[in-house]
Amino acid sequence: MTPNIPHVTRAKHGRPVHHWRRDVVELAALFTAVAVADAVANLVGHGPDGPALLVISAMALAATAAFHVWWSRRHGHAPPAIDTGARPTAEPRPAGPSEQSSADAVAGALWRMRTTVKDEPGSLAALCAALAGRRVDILSLQAHPLADGAVDEFLLRAPGTLTAAEITRAVALAGGRSTWIERADAHDLVDAPTRVLGLAARTALDTAELPLALRQLLGRCTIRSLPGTPAGGGPGPRPVPVEGVLEDTVMRLPAPEGGVLTVERPYLPFTPTEFARARALVELDSRLGPRIPGGQDVLTLPGGNDITVRRVDTGDLTAARAMHERCSPHALALRYHGPVGDADRYLNHLLSPRFGRTLAAQTASGRIVGLGHLLWDGDETEVALLVEDDWQQRGIGGELLGRLVAMAVEAGCESVYAVTKASNTGMVAAMRGLGLPLDYQIEEGTLVITARLDSVPEAARPLHDIGRHPLGDPARRD
């Protein structure tokens with residue numbers, strides 16, 4: 001928003017245009033000043049100290065005139081261009097680092113803010129007036145009606161020098177309460193209906209997208225899918241009605257595959273509008289049923305063998321169990337960290353696209369020789385690998401891991417972690433081969449390796465495609 005400023009007529013060379021009216025006024029003022037000075041001189045000159053007073057007065061007037069000239073040249077009367085929005089008449093030179101930071105502060109920062117106001121006429125107007133008083137521009141507004149008020153969600157552009165505390169203080173003085181604010185980015189400029197439709201389209205293409213879509217829809221939240229029959233046995237979660245349950249900062253919905261889908265956001269209660277959107281997204285996923293996108297990569301290993309990498313799900317459960325039978329007990333123990341006999345019990349959960357994404361490496365005959373899992377673990381992401389003994393140390397694990405990490409980057413994950421034994425040198429080497437910053441934690445022989453994904457270059461971040469990952473390109477693609 002640009003403030004109202006006086007209009008100044010300018011010539012083509014950029015200097016102010018002089019008008020004859022102003023010259024006449026200045027000339028009249030000069031004659032008046034001369035007449036007054038003559039009267040004062042006659043009055044003072046006839047006194048005993050008249051000449052001295054005249055000299056002192058002349059010196060004072062000269063000093064005042066000199067100060068006025070200096071002040072006029074140092075401080076212009078017109079407001080600076082930075083406040084008026086005026087464009088420079090000459091081609092600007094490149095800005096230095098300090099000037100660039102100053103320009104960024106003037107351009108403003110984006111904020112997402114949510115506050116609760118009374119549901120009465122004038123409450124929203126008072127809030128908007130308070131924001132305008134701090135030169136905050138409202139880019140979008142959504143209203144969520146409640147029983148005892150209304151929750152207003154804003155996308156704001158504020159001056160770069162304005163802090164979050166100053167914004168919330170102004171909102172509180174205008175009647176806002178339970179205010180929450182965080183920095184936003186350009187992605188938040190997309191309006192809510194467009195964003196919801198985009199998330200629905202992603203969910204329709206891939207079952208594994210549902211947790212990611214819910215997280216992008218609702219912001220920072222923890223999503224857990226609790227199966228109706230746990231893989232390790234024991235009682236399942238308490239069932240919820242078909243319409244779901246909303247309890248302040250927790251919502252529970254019937255999971256499409258059975259069981260309960262829990263979404264929790266401790267720092268901010270869910271509104272009925274958010275609950276309805278999440279429920280519609282889960283219902284869409286449930287109606288479409290399990291599905292994974294097609295496509296596969298054919299890789300030529302250093303030994304000359306061709307290996308196909310593709311997405312798999314529970315339809316490949318029989319082939320995955322057959323691979324388990326060909327794996328040694330040592331390989332299974334390194335992967336599952338427990339009794340070898342329990343390995344098959346977890347396969348149905350691991351292969352389900354409801355809980356993550358699974359890649360398989362298979363031979364030309366269709367036999368699976370490697371599995372890689374990307375598992376949604378609340379608000380964290382786990383990666384896990386299992387390669388058949390006869391096919392180890394051929395680069396299969398590294399190829400699977402690279403693609404899983406690319407999927408995690410695409411999903412917006414900040415990091416991925418792998419849990420293995422400290423003696424599993426193959427998994428350690430695969431994680432180090434990512435070329436990403438790693439954190440190691442060792443406790444009682446169990447090694448947790450966390451790879452931070454924020455250092456992956458933006459240009460290397462892939463689209464939703466199995467064959468694209470930041471570590472290299474496949475040999476060929478079918």
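Strands here are DSSP runs of E, at least two residues long, while helices are runs of H or I of at least four residues, and both are numbered from the N terminus. This is a predicted model, so a bit of bookkeeping comes first: local features need pLDDT of at least 70, side-chain atom pairs count only at pLDDT 80 or more, and totals for chains, interfaces and linings use all residues. Residues are numbered from 1 along each chain as its sequence is written, and side-chain values use heavy atoms, with hydrogens and water left out.

**The sheet with β1 and β3**

- Four strands make up this open sheet, in the order β2-β3-β1-β4, with antiparallel pairing.
- At the edges stand β2 (137–146) and β4 (177–183); each has a single partner strand, so one side of each has no neighbour in the sheet.
- From one strand to the next, the twist averages 15°; angles here run from 0 to 180 degrees between N-to-C directions, and axes are lines fitted to C-alpha atoms, for helices over the stretch in contact.
- Arg112 has Leu155 in β3 as its bridge partner.

- Side chains of opposite charge can pair when their charged atoms come close.
- Glu153 and Arg112 do this through their side chains, in a salt bridge of 3.6 Å, N to O; the term covers a side-chain nitrogen of Lys or Arg within 4 Å of a carboxyl oxygen of Asp or Glu.
- Glu153 belongs to strand β3 (residues 149–158) and Arg112 to strand β1 (residues 109–117), so to speak distant parts of the chain, 41 residues apart.
- Across the whole structure, a search turns up 15 salt bridges.

**The sheet with β5 to β8**

- Another open sheet of four strands runs in the order β5-β8-β7-β6, again with antiparallel pairing.
- Its edges are β5 (222–226) and β6 (245–247), each with a single partner strand, so one side of each is left without a neighbour in the sheet.
- The twist from one strand to the next averages 15°.
- β5 and strand β8 (residues 260–264) run antiparallel and are joined by five bridges.
- Opposite Leu226 you'll find Val260 in β8.
- Helix α8 (residues 209–218) packs on this sheet and touches β5, β7 (250–254) and β8, with its direction at about 30° to that of β8; contact means heavy atoms within 4.5 Å.
- α9 lies across β6, β7 and β8, and runs at about 25° to β7.

- Two packed helices are described by the angle between their axes and the distance between the axes.
- Helix α7 (residues 192–205) packs with helix α9 (residues 272–288) at an angle of about 25°, and their axes are 10 Å apart.
- That makes α7 roughly parallel to α9; under 35 degrees counts as roughly parallel, over 145 as roughly antiparallel, 65 to 115 as roughly perpendicular and the rest as oblique.
- On the α7 side the contact includes Val196, Leu199 and Ala200, and on the α9 side it includes Arg277, Leu281 and Leu288.
- By class, this contact of α7 with α9 has eight nonpolar, one polar and two charged residues; Ala, Val, Leu, Ile, Met, Phe, Trp, Tyr, Cys and Pro count as nonpolar, Asp, Glu, Lys and Arg as charged, and the others, Gly among them, as polar.
- The axes of α8 and α9 come within 11 Å and cross at roughly 165°, which makes α8 roughly antiparallel to α9.
- Among the residues meeting there are Leu210, Ala213 and Leu214 in α8, and Glu274, Ala278 and Val282 in α9.
- The contact of α8 with α9 splits into eight nonpolar, no polar and three charged residues.
- α7 and α8 pack at about 170°, their axes 9 Å apart, which makes α7 roughly antiparallel to α8.
- For α7 with α8, the contact residues divide into six nonpolar, two polar and two charged.

**Positive phi in two loops**

- Asp248, in the loop between β6 and β7, has a phi near 60°, a positive value in a residue other than glycine.
- Gln393 also has a positive phi, near 60°, and is found in the loop between β13 (380–387) and α13 (396–410).

Key. Pairing = 2+ DSSP bridges.
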